[in-house]
Amino acid sequence: MYALSKQLTDAYSRRFARAVRETYKEDEAYASTPLGRVALWAFLGLLLLLPFLLGPYPMYVATLVAIGALSALGLHLLVGGAGQISLGHAAFMGVGAYAASHLYGPLAPLGILLGGGIAALLGLVLGLPSLRIKGVYLAIATLAFQFLADYVFKNWEAVTGGIRGRTLPPAEILGLALDTPDRLWYLVLLFALPLFFYGKRLLMTRAGRAFMAVRDNDLSARVAGVDLVGVKLLAFALSAFYAGVAGGLLAQLYKAVTPEYFPLTVSIQYLAMVIVGGAGTVLGAVLGAFFVLLIPEVLNSFVGALGPQYAAALAAWRNVIFGLLILGFLILEPLGLVGLWGRIRNYFRTWPLPY
């Protein structure tokens with residue numbers, strides 16, 4: 001009887017809940033089981049059909065969350081992957097948004113890539129201090145970059161439009177204006193899906209393992225032969241590129257770019273996504289963006305449903321409740337939403353089998 005139960009458990013694990021990957025090819029696979037591959041294709045199909053399933057405002061929120069998850073993934077690669085800190089993530093998004101605002105209409109995809117490229121070059125420059133300093137000192141250096149970018153956004157009127165900002169017409173693809181969130185959704189997917197798959201694959205490759213070695217102990221990584229200069233600069237450049245592309249997509253969603261879209265509080269918000277979601281994982285970026293961007297919308301809807309007589313009194317408490325939710329979550333689940341999902345997944349890996 002025991003031998004039969006063991007055979008059933010092994011067969012179940014191979015088909016639906018494989019926990020051990022025996023080759024590098026399996027380790028780099030996006031889904032290592034037949035059920036996982038079916039679920040992945042079903043999820044991609046759901047993303048393509050989402051504009052037909054949601055109304056205008058839910059689609060706007062979904063597009064905002066997707067852009068936020070893309071930007072959060074860039075910060076995950078830097079903070080959770082390479083162990084470097086950054087308080088200037090919103091500045092890179094602003095650079096991408098302003099660069100994209102100069103190429104619009106049919107050139108919008110090119111403008112978004114240009115914004116990501118310029119942000120990546122600035123990320124290389126910002127990564128130079130990480131070669132000599134780390135921890136709180138590196139955080140202060142990136143904070144200075146955030147303040148410098150905010151000053152440039154407000155005063156370089158020839159490029160940024162100053163405090164008034166810039167407006168831009170809708171993006172166009174094959175003559176079709178992407179003037180609504182359900183149409184813009186496909187442009188977001190065009191950039192987000194390849195970058196998400198690349199981020200997932202990167203953490204499983206030699207470069208990703210070098211990131212993790214630097215994160216755990218940069219001195220030990222150097223002794224092991226890891227190029228600290230290349231790894232740290234690559235981490236900053238990749239993080240900035242993701243933020244720049246997300247900023248360009250955000251400009252297309254808002255149809256405008258102003259300095260108020262990219263203050264220091266936005267950088268802190270993305271750090272909250274990293275912490276709440278679980279640092280160093282693609283799923284953590286998605287879950288963190290869902291939590292940080294979706295919960296305020298839920299609270300807004302709840303306050304609005306109570307009526308205008310209560311809206312003013314509860315407006316301030318909305319932010320207090322949101323902060324308490326994050327604080328309580330970090331106390332109860334320090335590994336983030338990914339840790340919670342991992343425990344649920346591990347339970348169902350063998351259920352209902354004996355071990």
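In the predicted model, Thr 258 lies in the loop that connects β4 with α13. With a relative accessibility of 15%, Thr 258 falls under the 20% limit and therefore counts as buried. Leaving aside residues up to four places away in sequence, Thr 258 is in contact with Tyr 98, Ile 163, Arg 164 and Gly 165.

Most residues other than glycine have a negative phi. Lys 255 is not a glycine, yet its phi is positive, at about 60 degrees. This positive phi occurs just after α12. Lys 255 has a relative accessibility of 22% and is classed as partly exposed, because this class covers the values between 20% and 50%.

Helix α12 consists of 27 residues, and the distance from its first C-alpha to its last is 39 Å. This is close to the 39 Å expected at 1.5 Å a residue. Of the 27 residues of α12, 22 are buried, so this helix is largely enclosed by the rest of the structure.

Helix α7 (residues 136-155) was examined in the same terms. Its 20 residues should span 28 Å at 1.5 Å a residue, and the C-alpha atoms at its ends are 29 Å apart, which agrees. The buried residues of α7 are Leu 138, Ala 139, Thr 142, Phe 145, Gln 146, Ala 149, Asp 150 and Phe 153. Viewed down the axis of α7, these buried residues fall within an arc of 140 degrees, so they line one face of the helix. On the other side of α7, the exposed residues are Val 136, Tyr 137, Ile 140, Leu 148 and Tyr 151. The cover over the buried residues of α7 includes the helices α5 (89-100), α6 (108-127), α8 (157-160), α12 (228-254) and α13 (264-277). Helix α12, itself largely enclosed, is thus among the elements that cover α7.

Lys 154 pairs with Asp 150, and the closest N and O atoms of the two are 3.3 Å apart. The two residues are four apart in α7, so about one helical turn separates them.

The whole structure contains five salt bridges. One of them joins Asp 179 to Arg 183, with 3.4 Å between the closest N and O atoms. Both residues are partly exposed, Asp 179 at 40% relative accessibility and Arg 183 at 34%. Another salt bridge links Arg 215 and Asp 216, whose closest N and O atoms are 3.2 Å apart. Here Arg 215 is partly exposed at 35%, while Asp 216, at 57%, is over the 50% limit and therefore counts as exposed.

A network of salt bridges links Lys 134, Asp 218 and Lys 232. Asp 218 belongs to helix α11 (residues 218-223). The relative accessibility of Asp 218 is 17%, so this residue counts as buried. The side chains of Asp 218 and Lys 134 are joined by a polar contact of 3.4 Å. Apart from residues up to four places away in sequence, Asp 218 touches Lys 134, Ala 213, Leu 228 and Lys 232. Both lysines of the network are therefore among the residues in contact with the buried Asp 218.

Several values describe the protein chain as a whole. The chain has 16 helices and four strands. It comprises 355 residues, and 44% of them count as buried. Among the contacts with a separation of 6 or more, 76% are between residues 24 or more positions apart. The accessible surface of the chain is about 18,300 Å², and carbon and sulfur atoms account for 71% of this area.

Conventions
Residues are numbered from 1 along each chain as its sequence is written. This is a predicted model: local features need pLDDT of at least 70, side-chain atom pairs count only at pLDDT 80 or more; totals for chains, interfaces and linings use all residues. Side-chain values use heavy atoms; hydrogens and water are left out. Buried means under 20% relative accessible area, exposed over 50%, partly exposed in between (1.4 Å probe, protein chains only). Contact means heavy atoms within 4.5 Å. Accessible areas come from the Shrake-Rupley method with a 1.4 Å probe; for residues, only the protein chains shown count as cover. A polar contact is a pair of N or O atoms within 3.5 Å; within protein, one must be able to donate a hydrogen and the other to accept it, and residues adjacent in sequence count only if both atoms are side-chain atoms. The expected span of a helix is 1.5 Å times one less than its number of residues. The arc is that of the directions from the helix axis to the C-beta atoms. A salt bridge is a side-chain nitrogen of Lys or Arg within 4 Å of a carboxyl oxygen of Asp or Glu.
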